[in-house]
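Subject: Structure handover

Hello,

Here is the structure I said I would pass on. My notes on it follow below.

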Amino acid sequence: MDGLVGFLGTAVLWIKAAHVIFVIFLIAGLFMLPRFFVYHHASAVGSAEDALWIEREKRLIKIILNPSLILVWVFGLALAFSLGIWDQAWFHAKLLLVLALSGYHGWCVGYWKKLARGERPLSEKRLRLLNEVPGIATALIVILVIAKPF
Ligand code: HEM
């Protein structure tokens, strides 16, 4: 166990479990939201369907995405402080990727606000491409935390 636990003792394992649970909720939400955007784009601005998508997206953001992002950060930082891994290169790379993923999250929320105002700045093809971001980031982050290649 030593090396695996820090000042939080074995509680660190529970915190790690909580971290991974909210990582799953967050990533599930990040997969869903831009997919909703693609369906949303198919509805006419101001239609009943448009209003329905705005509401669905709002619920996903407020109930799943935002709380999960906060909890992932809180539990992740608790793990980092407890394990004292601030000087490790894999962790620096992970931090860069999670910052980028949090930026993507913020961009998605911003895009939802535009949709709610009746704006459709991106093409459906662009949206589908952007949908690849969370998948690629998740693969790289999991490799970094599990295999710790450097
Ligand atoms: C948001 C900021 C985040 C911070 C500060 C953070 C920090 C940490 C730390 C310190 C650990 C423990 C590593 C170890 O035991 O060696 C950990 C574990 C883990 N993190 Fe994060 N993390 C964050 C976000 C994420 C995200 C977005 C993902 C996935 C996309 C993720 C996936 C994981 C996984 C799968 C583990 C478990 C690794 C294991 O079983 O040892 N984390 N995280």
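The axes of α3 and helix α5 (residues 133-147) cross at roughly 160° and come within 10 Å of each other. Please keep in mind that this is a predicted model. Angles over 145 degrees count as roughly antiparallel, and α3 and α5 are therefore roughly antiparallel to each other. Their crossing is left-handed. On the α3 side, the residues that meet α5 are Trp-90, Ala-93, Lys-94, Leu-97, Val-98, Leu-101 and Tyr-104. Their partners in α5 are Val-133, Pro-134, Ala-137, Leu-140, Ile-141, Leu-144 and Val-145. By type, the residues of this contact are 13 nonpolar, no polar and one charged.

Helix α3 (residues 89-116) also packs against helix α2 (residues 48-83), at an angle of about 160° and with the axes 11 Å apart. α2 and α3 are therefore roughly antiparallel as well, and their crossing is left-handed. Residues of α2 in this contact include Ile-54, Ile-61, Leu-65, Leu-69 and Trp-73; among those of α3 are Phe-91, Leu-95, Val-98, Leu-99 and Trp-112. The contact of α2 with α3 has 14 nonpolar, three polar and two charged residues.

Next, the ligand. It is surrounded by 22 residues, of which Lys-16, His-19, Trp-73, Lys-94 and Lys-148 are the closest.

- Lys-94: 2.6 Å, to a nitrogen atom of the ligand
- Lys-16: 2.7 Å, to an oxygen atom of the ligand
- Lys-148: 2.9 Å, to an oxygen atom of the ligand

Regards

Definitions and conventions:
Residues are numbered from 1 along each chain as its sequence is written. This is a predicted model: local features need pLDDT of at least 70, side-chain atom pairs count only at pLDDT 80 or more; totals for chains, interfaces and linings use all residues. Side-chain values use heavy atoms; hydrogens and water are left out. Axes are lines fitted to C-alpha atoms, for helices over the stretch in contact, and angles run from 0 to 180 degrees between N-to-C directions. Helices (H or I, at least four residues) and strands (E, at least two) are DSSP runs, numbered from the N terminus. Angles under 35 degrees count as roughly parallel, over 145 as roughly antiparallel, 65 to 115 as roughly perpendicular and the rest as oblique. A crossing is left-handed if the near helix is turned anticlockwise from the far one by less than a right angle, and right-handed if clockwise. Contact means heavy atoms within 4.5 Å. Ala, Val, Leu, Ile, Met, Phe, Trp, Tyr, Cys and Pro count as nonpolar, Asp, Glu, Lys and Arg as charged, and the others, Gly among them, as polar. A residue is near a molecule or strand if one of its heavy atoms lies within 4 Å of it. A polar contact is a pair of N or O atoms within 3.5 Å; within protein, one must be able to donate a hydrogen and the other to accept it, and residues adjacent in sequence count only if both atoms are side-chain atoms.
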